Amino acid sequence: MFMSFINYKALIIGVTSIAALTACNSGSGQLDAEGNHSGTTQADTGKLAPVETKAPNTNYKPAFAGQTRAPGTKTKTPLAISELTSELDHPWGLRTLPDGRFLVTEKSGIMRILSADGKPVKKITGLPAVVDEGQGGLLDVNIDPEFASNKMVYWSYAAKSNGGNILAVAKGKLSDDETKIDNITVIYRAEPDYNGTLQYGSRILFDKQGNLFVSSGDRAGNDIRMKAQDLSTATGKILHLTKDGKPVPNGPFANNSKAKPEIYAYGFRNPDGFAWNPETGELWEAEFGPRGGDEINIIRPGKNYGWPVITYGIEYAGGKVGEGIQQKAGMEQPVYYWDPVLSPGGMTFYDSDVISEWKNNLFVGGLSSTHIARLVIKDNKVVAEERLLADKGERFRALTVGKDGALYAVTDAGKMFKVTKK
Ligand SMILES: [Ca+2]
């Protein structure tokens with residue numbers, strides 16, 4: 001009796017496996033090394049098992065199907081992955097220059113120019129002093145849309161202040177010998193300051209009109225993070241600034257006398273990733289959330305993204321955040337969330353044709369998760385996810401697409417990686 005049960009079970013498993021093989025072989029694809037289907041049409045809509053296999057930190061339910069644990073996918077283009085340098089010191093910001101070189105910030109307060117093949121060739125010093133403690137320091141950098149002619153550079157950093165320190169944004173002109181920044185002006189300070197060294201956010205992007213979007217974090221403390229909901233502060237906000245650091249006129253809160261007129265959207269914890277979606281022209285954000293609550297959001301004017309009122313995560317110290325709710329009228333749902341966390345660093349959309357199957361995909365650097373997440377987007381939803389460079393064991397801090405159509409990433413350990421077509 002016992003033996004026949006074993007045989008029966010083996011028979012069922014055998015039949016199931018054959019059925020799975022038949023189902024796969026009837027499509028246009030084939031089985032990969034792990035026995036997963038990697039069909040040519042199926043992969044793009046994610047027919048593999050989700051890449052996340054660990055238990056979630058919470059039993060919270062998503063607001064819609066596909067909001068977390070999207071189906072897996074796998075890049076079919078053979079990839080060449082190379083380490084270009086390991087000589088950077090805690091890089092944080094990474095931009096591609098018009099001539100194909102790269103501009104990188106290092107947390108301690110200097111910038112570097114890297115050659116197009118990733119070798120540090122210039123050291124830029126003499127920037128205003130930074131508070132290089134905790135998550136502070138010299139943070140993001142971006143170049144003026146007219147950089148090729150005006151050489152203007154914009155950067156964010158933690159600056160010393162009376163009450164501790166503050167997120168500041170400065171600008172200046174790169175000198176002809178590319179070793180210093182001239183005519184430095186501090187154009188913005190994200191009031192109020194705070195005696196803490198965590199969660200500055202601080203990514204900088206330019207819009208088509210030449211104004212800046214700056215992400216500002218909630219500064220982490222229990223006595224300040226609620227200000228992410230307070231429109232009279234710059235804490236936990238997406239800010240819209242002119243090149244002189246003034247509010248862009250006619251913002252969504254311009255007529256609210258209690259609100260800072262530079263606020264574009266609010267309710268953020270630590271907005272560490274920021275990129276333009278080349279397909280829709282909309283601004284996308286990656287949010288370093290609480291445990292089990294990292295998010296991808298589409299940033300729209302005047303909207304409230306919920307922190308710390310709604311979240312899919314719990315406190316890192318344990319316990320629910322606030323009332324432990326995930327959805328609320330008047331507050332935006334994330335497009336996607338990770339539980340367990342990705343710990344997003346920077347992100348970029350892939351806008352090149354070199355790896356055609358990657359066109360308009362979103363790539364997000366993972367810190368504690370030590371991989372790069374590739375997200376396939378369709379109709380503003382994440383329809384498939386892949387993990388790249390997971391074998392490197394690196395914390396991926398910032399990403400960019402090079403002039404050559406390769407994906408470049410810098411890591412906390414000071415490395416720069418290049419991912420391109422073999
Ligand atoms: Ca949110």
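The legends below go with several close-up views of a predicted model.

Residues are numbered from 1 along each chain, as its sequence is written. Because this is a predicted model, local features need pLDDT of at least 70 and side-chain atom pairs count only at pLDDT 80 or more, while totals for chains, interfaces and linings use all residues.

**View 1. The whole chain, to get our bearings.** The secondary structure comes to two helices and 24 strands; helices (H or I, at least four residues) and strands (E, at least two) are DSSP runs, numbered from the N terminus. Of the 422 residues, 44% count as buried. Here, buried means that 20 or more other C-beta atoms lie within 10 Å of the residue's own, exposed means 12 or fewer, and partly exposed is in between, with C-beta atoms placed from the backbone. Among contacts (C-beta atoms, placed from the backbone, within 7 Å) between residues at least 6 apart in sequence, 57% join residues at least 24 apart.

**View 2. Leu399 in the largest nonpolar core.** This core has 93 residues, and Val364 and Leu399 are those with the most contacts inside it. A nonpolar core is a set of buried Ala, Val, Leu, Ile, Met, Phe, Trp, Tyr and Cys residues joined through C-beta atoms within 7 Å. Not counting residues up to four places away in sequence, Leu399 touches several others, among them Leu94, Met347, Phe363, Leu407 and Tyr408.

View 3. One joins Trp307 and Pro308, with omega about -5 degrees; look for Pro308 in the loop between β16 (294-299) and β17 (336-338). The bond between Asp339 and Pro340 is also cis, with omega about 0 degrees. Pro340 is found in the loop between β17 and β18 (344-349).

**View 4. Lys151 and Asn360, two non-glycine residues with positive phi.** Lys151 has a phi of about 60 degrees and sits in the loop between α2 (147-150) and β7 (152-161). With 17 other C-beta atoms within 10 Å, Lys151 is partly exposed. For Asn360, phi is about 65 degrees, and its place is the loop between β18 and β19 (362-366). Asn360 also counts as partly exposed, with 14 C-beta neighbours inside 10 Å.

**View 5. Residues 1-43, a stretch to view with care.** The chain averages a pLDDT (the predictor's confidence in each residue, from 0 to 100) of 91, and 89% of the residues score at least 70. Over residues 1-43, however, pLDDT stays under 50, and the model has 31 contacts beyond four places in sequence for them. Where pLDDT is low, the predicted coordinates should not be read in detail.

How values were computed: Contact = placed C-beta atoms within 7 Å.
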